[in-house]
Amino acid sequence: MPDHAILVRGGFLKFDEIKRDCSKALEKINFYGFSVLSIQGKSALEIYDSKKQLHVPFVFIRVVEVGQIRALGLQVLPTLAENHYTIVHVEPLDYSVFSKLDAVFSAPMNMKEQV
């Protein structure tokens with residue numbers, strides 16, 4: 001996956017939600033991390049639109065490039081389903097790591113305003 005590939009995370013990227021999702025991922029896929037979506041060569045809006053057809057209930061999304069995640073020393077691995085990835089990091093997630101993640105993701109985008 002190239003550094004310029006777009007990753008989309010539904011919701012607001014809140015610390016408690018990400019920490020919970022990381023714990024769930026550890027149980028489910030044996031990686032400590034959280035889910036994002038990506039489709040090679042597609043914009044954030046195109047990725048959102050492709051998942052909207054599957055009834056993904058997010059009104060807000062946050063966006064980041066793979067290279068920004070790698071620059072933090074974290075990995076992006078394909079997991080579970082087509083176009084599904086996990087941002088993997090060392091457990092447990094502490095607030096200092098979360099703050100760095102929060103800083104590289106875009107501000108929340110209201111997708112109702114985009115369409």
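By class, 4 nonpolar, 4 polar and 4 charged residues line the second largest pocket of this predicted model. Here Ala, Val, Leu, Ile, Met, Phe, Trp, Tyr, Cys and Pro count as nonpolar, Asp, Glu, Lys and Arg as charged, and the others, Gly among them, as polar. The model is predicted, and local features need pLDDT of at least 70, side-chain atom pairs count only at pLDDT 80 or more, and totals for chains, interfaces and linings use all residues. Residues are numbered from 1 along each chain as its sequence is written, and side-chain values use heavy atoms, with hydrogens and water left out.

**The pocket**

The volume of the second largest pocket is about 220 Å³. A pocket is an open set of points, on a 1 Å grid over the protein atoms alone, where a 1.4 Å probe fits, with protein on both sides within 12 Å along at least five of seven lines; lining residues have an atom within 4 Å of a point. Grid points are joined across faces, edges and corners, and the volume is the space filled by probe spheres set on the points. Among the lining residues are Arg9, Ser35, Leu80 and His84. At least two lining residues come from each of α1 (15–29), β2 (33–37) and β5, and α1 gives the most, with 5 residues. Helices (H or I, at least four residues) and strands (E, at least two) are DSSP runs, numbered from the N terminus.

His84 belongs to strand β5 (residues 84–88). Its side chain makes a polar contact with the side chain of Ser35 (2.8 Å). A polar contact is a pair of N or O atoms within 3.5 Å; within protein, one must be able to donate a hydrogen and the other to accept it, and residues adjacent in sequence count only if both atoms are side-chain atoms. Residues up to four places away in sequence aside, His84 touches Ser35, Val36, Leu37, Leu77, Pro78 and Thr79; contact means heavy atoms within 4.5 Å.

Arg9, another lining residue, points from β1 to one side with Leu7, while Ile6, Val8 and Gly10 point the other way. In strand β1 (residues 6–10), 5 of 5 residues are buried. The strand runs antiparallel to β3 (residues 60–65), joined by 5 bridges, and Arg9 stands opposite Arg62. Two strands pair if DSSP finds at least two bridges between them.

**Accessibility of single residues**

Buried means under 20% relative accessible area, exposed over 50%, and partly exposed in between (1.4 Å probe, protein chains only).

| Residue | Relative accessible area | Class |
|---|---|---|
| His84 | 13% | buried |
| Lys19 | 35% | partly exposed |
| Ser38 | 2% | buried |
| Leu13 | 4% | buried |
| Leu80 | 56% | exposed |

Ser38 sits in the loop between β2 and α2 (44–52), and its side chain reaches the backbone oxygen of Ile6 at 2.7 Å. Lys19 is part of helix α1.

**Two positive phi angles**

Most residues other than glycine have a negative phi. Leu13, in the loop between β1 and α1, has a positive phi of about 65°. Leu80, in the loop between β4 (75–78) and β5, also has a positive phi of about 65°.
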